[in-house]
Amino acid sequence: MFPAIRGVQAGREYYSTMFPLRMIPRLFSFDDEELLPEQRAQRTLNRSRVPEMARYIVENPDSYVFSALTASVSADVEFDPITDGVGPSDRIGTLRIPMDARFVINDGQHRRAAIEEALTMNPDVGDETISIVLFIDVGLERCQQMFADLNRYAIRPARSISVLYDHRDDLSAVTRMAVFSSDFYRDLTETETSNLAARSRKLFTLSAMYNANRALLEGIEEDSLEKRAELVGNYWSVVAKQFPEWAQVRAREVTAGEIRRDFIHSHGIVLHALGKVGNALLERSRDKRSWDRALRPLREIDWHRSNSELWEGRALSGGRVSKSTGNVLLTTALLRTRLNLPLPDDEQKAENNFRRGDSR
């Protein structure tokens, strides 16, 4: 039993209570880090942050401040108000939680880990308390949405994991459905981080696919999310055929790191440009065979990063891939030109300025 205050948000009851710090490691588990990101409700723990936070507690016993943890409990809880009347007093009472209840941290996993480490450094802090905002668990999707909402206006997590967990945004749903329904893209897309490590075996990030799909579907109307996802999936399956290096990565013939290092065609700027090009193709036709014919000239482009004559100042800046708006316009303009597609005004203006700069 715990003293608690009952409240309501979005029509759902929740409870505010306090637990001794010594109970936090025992009661509140991490979402299983061995699960795939789409099967859990939290990002992985950044353990490098924990020791500094633990030292902060131990070294500042008279002044440290930790905000409330937010958690979900998967159990039938009972709330006994201190009075039977209606009014403020019926919000205060005792919360009964079964012994076999499972708690999952929705916000504050690093604070939880820091508390655990601080207890090993100074067990006396275990008698102190921390506030808990406790929601009743209503399933994985709700927990994932809580993660996305709680971090919406805080320091943002990686864009990829926000796309993965955001069930309110239609484009996030379309991107997830398109990626996960494709063996090819599911295998090669990083769903948790938005920056690929040199040794990552992934070619793309979910956030890059999201940005590309936003350009791809601009002004495109479909009756349902499923139909939009099918359209997106069909387009990217045709795109994949134009880049044999992508298939080589999936077949483990070369590493993803080698392709990202030597070529630019799997980087976010090119995916974004391919999305903009695809938007023009979708407006003309929904036939995959026509897309394949239109995109075939992509195979003739020299995509090597070392081809500075073609890419420097357009997709590269000082040899590094640049994702600025101007670079996206210039990269898209090049692709449209090679595919014999007309340039919209903004891309034509960027291309004219680029060429004038070359001539000086």
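1. Ala-4 has Gly-93, in β6, as its bridge partner. The model is predicted: local features need pLDDT of at least 70, side-chain atom pairs count only at pLDDT 80 or more, and totals for chains, interfaces and linings use all residues. Residues are numbered from 1 along each chain as its sequence is written, and side-chain values use heavy atoms, without hydrogens or water.

2. Strand β1 (residues 2-9) runs antiparallel to β6 (residues 92-96), with four bridges joining them. Strands count as paired if DSSP finds at least two bridges between them. Strands (E, at least two residues) and helices (H or I, at least four) are DSSP runs, numbered from the N terminus.

3. β1 also pairs with β2 (residues 12-20), again antiparallel, over six bridges. Gln-9 faces Arg-12 of β2. Two residues lie between the strands of this hairpin, and Ala-10 has a positive phi near 50°.

4. Now the cavity. The term means a set of points on a 1 Å grid over the protein atoms alone where a 1.4 Å probe fits but cannot get out; lining residues have an atom within 4 Å of a point. One cavity reaches 30 Å³ or more. The largest cavity has a volume of about 50 Å³, taken as the space filled by probe spheres set on the points, which are joined across faces, edges and corners.

5. Which elements give two or more residues to the lining of the largest cavity? They are α6 (170-180), α8 (206-216) and α9 (225-241). The largest share, four residues, is from α9. Lining residues include Tyr-185, Met-209 and Trp-236.

6. That lining has six nonpolar residues, four polar and no charged. Ala, Val, Leu, Ile, Met, Phe, Trp, Tyr, Cys and Pro count as nonpolar; Asp, Glu, Lys and Arg as charged; the others, Gly among them, as polar.

Definitions and conventions. On a 1 Å grid over the protein atoms alone, a cavity is a set of points where a 1.4 Å probe fits but cannot get out, and a pocket is an open set with protein on both sides within 12 Å along at least five of seven lines; lining residues have an atom within 4 Å of a point.
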